[in-house]
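Student: I have a chain to look at and some questions about it. Can we go through them one at a time?

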Amino acid sequence: LIKNAVQATRRRPSRTAERVLIDIGDDAAAWAGSRMVQLATTDCLVEDTHFRFAWSSWEDLGYKSLAVNLSDIAAMGGVPCFVLVSLSCPADIDAAAVMRYYEGMTQLASEHDTAIVGGNLTSSPLVISTVCLIGEAEQGRMLLRDAAKVGDLIAVTGTLGGAAAALSLLSTGQSPETLPIDLITRLTRPCAPLAAARDLVQEGVRCAIDISDGLLSDLGHICKCSNVAATVRGDRIPLCPDYDGPVELRTAFALNGGEDYELLFTCDATTADRVARRLDCPVTIIGEITRGDSDQPVSVTGVNSAIITAGKTGWSHFNQ
C-alpha cells in the first residue's frame, strides 16, 4: 500500500520521474545522474519535541517532514528531485494513520515534481519522521551563507513570527479550534519557498538562508560564514498578520521564533529592487551587512535607532 501511495509522485510526467530507474522494492533506489551540482539534506521530526498530535495530524506530519527539507534545497537555490523517507512509530499505530502520513507527503512531493523513491519503516517508542532529500543546482549559481558583503542590504520574503505565535498559544493550552486556521497552518504546513529561491538566483542573488531557527539566529549563521556583521531595523520586520498580540511579542516571535521557512537574503540595492518586482510574495528590506564583530555580530535597532540587546536567540536543538 505504501509503495502504491508514493508512486503517485511519479505518475505525472516530469523530468525527475523519467530519471527514476529503481524505487521501492529493492535494496536501494537508483536514478540517472546529471551534470548539475548535487545537493543533499536531511531533517528529523520527533514527537513531543518538534510536533504534537494534539494539533498536528498524520497528514500534517508527512507534509511538514518534506516541506522543511524542500526549504533547505530552496535556500541553496536548488531544485528538489528524490526523497528517501524513514518513519519510526509504536507498533500499535493504526496502518491507516501511516497511510495518511504518506498521503500528506505525496501531496507536497507531487506539487514540486519530487519523487519518493525509498526509505524505511520501523518501530520505536515515539513517532520519528526522517526525510533525506536529494536536489540539484547550477554550478556557480547556488545561494550560499558565505557570500554576504559589507554594504549589502538584508531582506526577507513573506512575514515572520506566525509559527512561533501558534506554537506559543498551543503550548499554553489554547485549543487549535480557537485559533485562526491560517495561523495553525504556518506551524503545521509551512510553505517551501522554491519558486522564490529560483527567482533570487535568476536575479543574481548569491547569499541566502531559510529561516528555520529564527531570524537572528539564521542571520548570525550568515555573519559567521561571511565574516561580517549585521544591523536589523526592528520596526521594519514584516510581522505575521494572523496573530494580533502585542507588537512587542509579535516582534519577539519574528526575531527568535523560527519555523517560518521564509528566505533571508543579502544583495545590493539594485538587485533588491529587481527581486521585489519579480517575486509574487512580499519582499522587505530589514537591515544592512556591516563590518564584522565577533562579540555581537547581529544588532537590532528600535524605532529611535537605539540598539536592542539581542541576547540568546533562535532555536538550539540541545539547549531547550
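Student: Among contacts between residues at least 6 apart in sequence, what percentage join residues at least 24 apart?

Tutor: This is a predicted model, in which local features need pLDDT of at least 70 and side-chain atom pairs count only at pLDDT 80 or more, while totals for chains, interfaces and linings use all residues. Residues are numbered from 1 along each chain as its sequence is written, and side-chain values use heavy atoms, with hydrogens and water left out. Contact means heavy atoms within 4.5 Å. Of the contacts in the chain between residues at least 6 apart in sequence, the share joining residues at least 24 apart is 83%.

Student: What is the radius of gyration of the chain?

Tutor: The chain has ten helices and 13 strands; these are DSSP runs, numbered from the N terminus, with at least four residues (H or I) for a helix and at least two (E) for a strand. The radius of gyration is taken over C-alpha atoms, and the globule rule is 2.2 Å times the number of residues to the power 0.38. For 320 residues the rule gives 20 Å, and the chain comes close to that, so it is as compact as a globular protein of that length, with a radius of gyration of 20 Å.

Student: Is Val83 buried or exposed?

Tutor: Val83 belongs to strand E4, residues 79-89. Buried means under 20% relative accessible area, exposed over 50%, and partly exposed in between (1.4 Å probe, protein chains only). Because its relative accessibility is 0%, Val83 counts as buried.

Student: How many Å apart in space are Val83 and Val117, C-alpha to C-alpha?

Tutor: Leaving aside neighbours within four places in sequence, Val83 is in contact with several residues, including Val117. The two are 34 residues apart in sequence, yet their C-alpha atoms are separated by 5.9 Å.

Student: Which side chain is joined to that of Thr159 by a polar contact of 3.1 Å?

Tutor: Thr159 sits in the loop between strand E7 (153-157) and helix H5 (162-171). A polar contact is a pair of N or O atoms within 3.5 Å; within protein, one must be able to donate a hydrogen and the other to accept it, and residues adjacent in sequence count only if both atoms are side-chain atoms. At 3.1 Å, the partner of the Thr159 side chain is Arg186.
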